Amino acid sequence: MFGKDRFYKGLWNHKAAFLFRKVGHRRDTGPKLKLLALEGLKECHGCGLIQKVPHLKPGQVAECTRCGEQLDRERLTSPIMAPLAFCITSIALYLALLVSPLMTIDIYGRENTVSLLSGPKELINQGFSLISILVLSASVLMPAIVLTLMMLILYGMWHSHKAPHWIRHVFAWYERLRPWSMIEVYVIGLIVAYSKLVDLAVVILQPGAFLLGGLMVSMAAMDSAFNSKSFWKRFPVPQEDQILCKEDGDSSENVTSDALLLQSDNMVSCTCCHTVFLAEKTVLPEDDMGNCMRCGEILRRRKYKSIEASLCFLVAAFIFYIPANMLPIMTYVRVGQGQPNTILSGVKELWESGLYSLALLVLFASITIPVAKIGALAIMLYCETRKKAWHLNGLTKLYRFVCFIGRWSMIDVFMISILVAIVRFSFLAHVTADPGVVFFALVVVLTIFAADLYDPRGLWDAAGYNGALMKSRRKADNSHPYTKRKDMESESA
Ligand SMILES: [Zn+2]
Ligand SMILES: [Zn+2]
């Protein structure tokens, strides 16, 4: 038989070979179709409809005519100064937070104080390094990375004429990593941990807790003040590679009419900078169309193998969901007494101690959300593979909701990381993490990936509302609400 070491070496070699073959050399480097950027058009990321976006005044929002998804938005605030002010505030709060204590607990005169780093440290001591890495990344590393990337982006906007080319890739990384900075979820985790402790001991909130609240608000403000459109405006596609698509009634000669919109099978929209490109002939949904002329990301009409990838992560999440609920996630021992708690018994405990709103919050975040996410994605995958046109508008909105809500299930994981760090009084009271928390964290992370890899436009493609199929369907079936609505608009236009 193989020795253990040799087995791992072999496994690693095979894995490496697999990765390089599948990922490293997946892109075909053959000749690509010539692409022209269509300025003024946008593809809806919910339903895949390509449409003209009117010129917006500050504060105005453009929505998709078919599914209501937000297409474009013009901010009222200054494009660089407002996000810069919030970014600098966030950096100052973050640095202060790193050196400030969060909370102090006092049990019969014995005190213990925790900071942001105490939770991950104690989780490693208890043998939960994976959870420790997850908590450390989401609460300490990712906020730092995201704030650094935002500073680079704002620098690129300020000096767009001499900014290096890699600054455009920084934006793609900012969009990818932003959801993993979970300060706001950590704040709720801290509130739940605090409410669990107040009836046990004297709990004093330290300056760090308020800094954390401030950081949450200023990062949210930074996001809402930042407009990706004004970033990409500073990096235009060369004039000879673009067609200007303006609104009807515009007197420019380079104007293209609605006829162009009918060629949507020849169009590909960049997922990063949202520029729409026109090719000479039909583009297959998952074809690699080369790098985007504006941002340098890979161009594909639809996400690569979205059904397969999303299904894999969903099945894995479903399998781990069972032990996540059956196994205890933590043990809380008080004066030698206490038993392991599962997620459900934790909720029951909160309810019995009169903290009804918190009990409902944890129930919603830890039990309802994962089930709803797995169920919703499963329905979408079923409808897409069976080509069912079943509540497409509702499903598209549900997908947006699933993406938004996913991270909030981390509340329980953060709460446990805070409790294990603060309640450490040996016999008197102590909290230990249990294996259930590993499975639970896996469910959260896997469902986030499953939602991210899924492409809701596939639902509309499968039902025949996009591209060539849509044209034939419009002829055959004029009674359907989506086609009707479209026709009414084209009549009024
Ligand atoms: Zn839409
Ligand atoms: Zn792009």
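This is a predicted model: local features need pLDDT of at least 70, side-chain atom pairs count only at pLDDT 80 or more; totals for chains, interfaces and linings use all residues.
The protein has 493 residues, of which 38% count as buried, and its secondary structure comprises 17 helices and 15 strands. Among the contacts with a separation of 6 or more, 70% are made by residues 24 or more positions apart.

**Helices α11 and α12**

Helix α11, residues 356–385, and helix α12, residues 392–405, have axes that come within 10 Å and cross at roughly 145 degrees, and the crossing of α11 past α12 is left-handed. The residues that meet there are listed by helix below.

| Helix | Residues in the contact |
|---|---|
| α11 | I369, K373, A376, L377, M380, C383 |
| α12 | L395, L398, Y399, V402, I405 |

By type, the residues of this contact divide into 10 nonpolar and one charged, with no polar residue. An α-helix has 3.6 residues a turn, so residues three or four places apart point the same way.

**Helix α6**

Which residues of α6 are buried? They are I183, V185, Y186, I188, G189, L190, V192, A193, K196 and L197. These buried residues of α6 pack against helices α4 (129–158), α7 (207–225), α11 and α13 (411–422), and also against strands β6 (103–107) and β8 (202–205).

Definitions and conventions:
Residues are numbered from 1 along each chain as its sequence is written. Chains are lettered from A and ligands numbered from 1 in the order in which they are written. Helices (H or I, at least four residues) and strands (E, at least two) are DSSP runs, numbered from the N terminus. A residue is buried if 20 or more other C-beta atoms lie within 10 Å of its own, exposed if 12 or fewer, and partly exposed in between; C-beta atoms are placed from the backbone. Two residues are in contact if their C-beta atoms, placed from the backbone, lie within 7 Å. Axes are lines fitted to C-alpha atoms, for helices over the stretch in contact, and angles run from 0 to 180 degrees between N-to-C directions. A crossing is left-handed if the near helix is turned anticlockwise from the far one by less than a right angle, and right-handed if clockwise. Ala, Val, Leu, Ile, Met, Phe, Trp, Tyr, Cys and Pro count as nonpolar, Asp, Glu, Lys and Arg as charged, and the others, Gly among them, as polar.
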